[in-house]
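Dear colleague,

Please find below a structure that I am handing over to you, together with its sequence. A summary of what was found in it comes after.

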Amino acid sequence: MQFIKYTLLSLALVLTASAFAQSNIDPKRKQAIDSLALEKVKDLSKYISIIGNKDTQFSEAQRVMDRAEELFADDSEMGVSSLSKEEVTYYKVREYFERLMALNYDKVKIQWYDIHYVSDLEQQPDGTFVGVITIYQRFEGSSKDGSLNYKDTTKKDITIYVKKKETQIAGRIIEFWDVMLGDIRVTETSA
């Protein structure tokens with residue numbers, strides 16, 4: 001179902017190819033791209049909640065990790081921070097998900113909110129457009145006996161790549177623009 005949703009949204013972006021050939025993007029076409037980017041970020045938020053939830057069965061978490069990885073460009077990294085350390089540690093996407101699933105809490109709740117663009121798409125020399133979406137993540141982890149209890153709020157910047165791709169439909173090659181998530185950088189962590 002998600003694949004069909006992304007395919008339809010991506011195919012809707014087929015019409016944007018001519019707009020991207022110029023430096024000015026038609027507002028309606030840009031809105032379609034922004035919607036697809038925000039939809040993928042919201043889906044990632046759902047996937048992270050499922051992976052981190054201790055009630056999620058292992059096989060389901062593995063399936064969701066596979067789906068979540070499909071949202072990312074190759075070699076993307078995700079930042080992890082803590083109130084107890086100033087440094088931010090970055091992990092490849094799959095490793096981040098595996099570590100999230102293995103956290104030593106009995107209950108984990110992860111919520112993303114205030115999702116919005118902080119930069120317009122800027123064209124790169126290779127024709128790719130790059131932008132940044134900012135989110136706030138509320139993390140809560142606790143143990144049944146109360147010995148582990150941790151909460152923080154993290155501001156994160158998600159790099160967005162908009163690239164021209166091709167697909168074949170009924171024997172015809174169709175060009176369209178797709179959105180991929182890139183690195184997720186931690187910019188601030190607070191209690």
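Predicted model: local features only at pLDDT ≥ 70, side-chain atom pairs only at ≥ 80, totals over all residues.

Helix 3 and helix 4

Helix 3 spans residues 27-52 and helix 4 spans residues 58-69; their axes come within 9 Å and cross at roughly 155°. Angles over 145 degrees count as roughly antiparallel, and the two helices are therefore roughly antiparallel to each other. The crossing of helix 3 with helix 4 is left-handed. On the side of helix 3, the contact is formed by Leu44, Tyr47, Ile50 and Ile51, which meet Ala61, Val64, Met65, Arg67 and Ala68 of helix 4. Sorted by class, this contact of helix 3 with helix 4 holds eight nonpolar residues, one charged residue and no polar ones.

Helix 4 and helix 5

Helix 4 also packs against helix 5, at an angle of about 150° and with the axes 10 Å apart. These two helices are therefore roughly antiparallel to each other as well, and their crossing is right-handed. From helix 4, the residues in contact are Phe58, Ala61, Gln62, Met65, Asp66, Ala68 and Glu69, and their partners in helix 5 are Val93, Arg94, Phe97, Glu98 and Met101. The contact of helix 4 with helix 5 comprises seven nonpolar, one polar and four charged residues.

Helix 3 and helix 5

The axes of helix 3 and helix 5 come within 8 Å, crossing at roughly 40°. Helix 3 and helix 5 are therefore oblique to each other. Here Leu44, Ile48, Ile51 and Gly52 of helix 3 meet Tyr96, Phe97, Leu100 and Met101 of helix 5. In the contact of helix 3 with helix 5 there are seven nonpolar residues, one polar residue and no charged ones.

The largest pocket

The volume of the largest pocket is about 500 Å³. It is lined by 22 residues, of which Val80, Ser81, Ser82, Leu103 and Phe139 are the closest to its centre. Two or more lining residues come from each of strand 1 (77-82), strand 2 (85-92), helix 5 (93-101), strand 4 (129-142) and strand 5 (149-169). By class, the lining of the largest pocket has ten nonpolar, seven polar and five charged residues.

With kind regards

Notes: Residues numbered from 1 in each chain as written. Heavy atoms only, no water. 1 Å grid on protein atoms, 1.4 Å probe; cavity = no way out; pocket = protein on both sides within 12 Å on 5 of 7 lines; lining within 4 Å. Points joined across faces, edges and corners; volume = space filled by probe spheres on them. Helix = DSSP H or I, 4+ residues; strand = E, 2+ residues; numbered from the N terminus. Nonpolar A, V, L, I, M, F, W, Y, C, P; charged D, E, K, R; others polar. Axes fitted to C-alpha atoms, helices over the stretch in contact; angles between N-to-C directions. Parallel < 35°, antiparallel > 145°, perpendicular 65-115°, else oblique. Left-handed = near helix turned anticlockwise from the far one by under 90°. Contact = heavy atoms within 4.5 Å.
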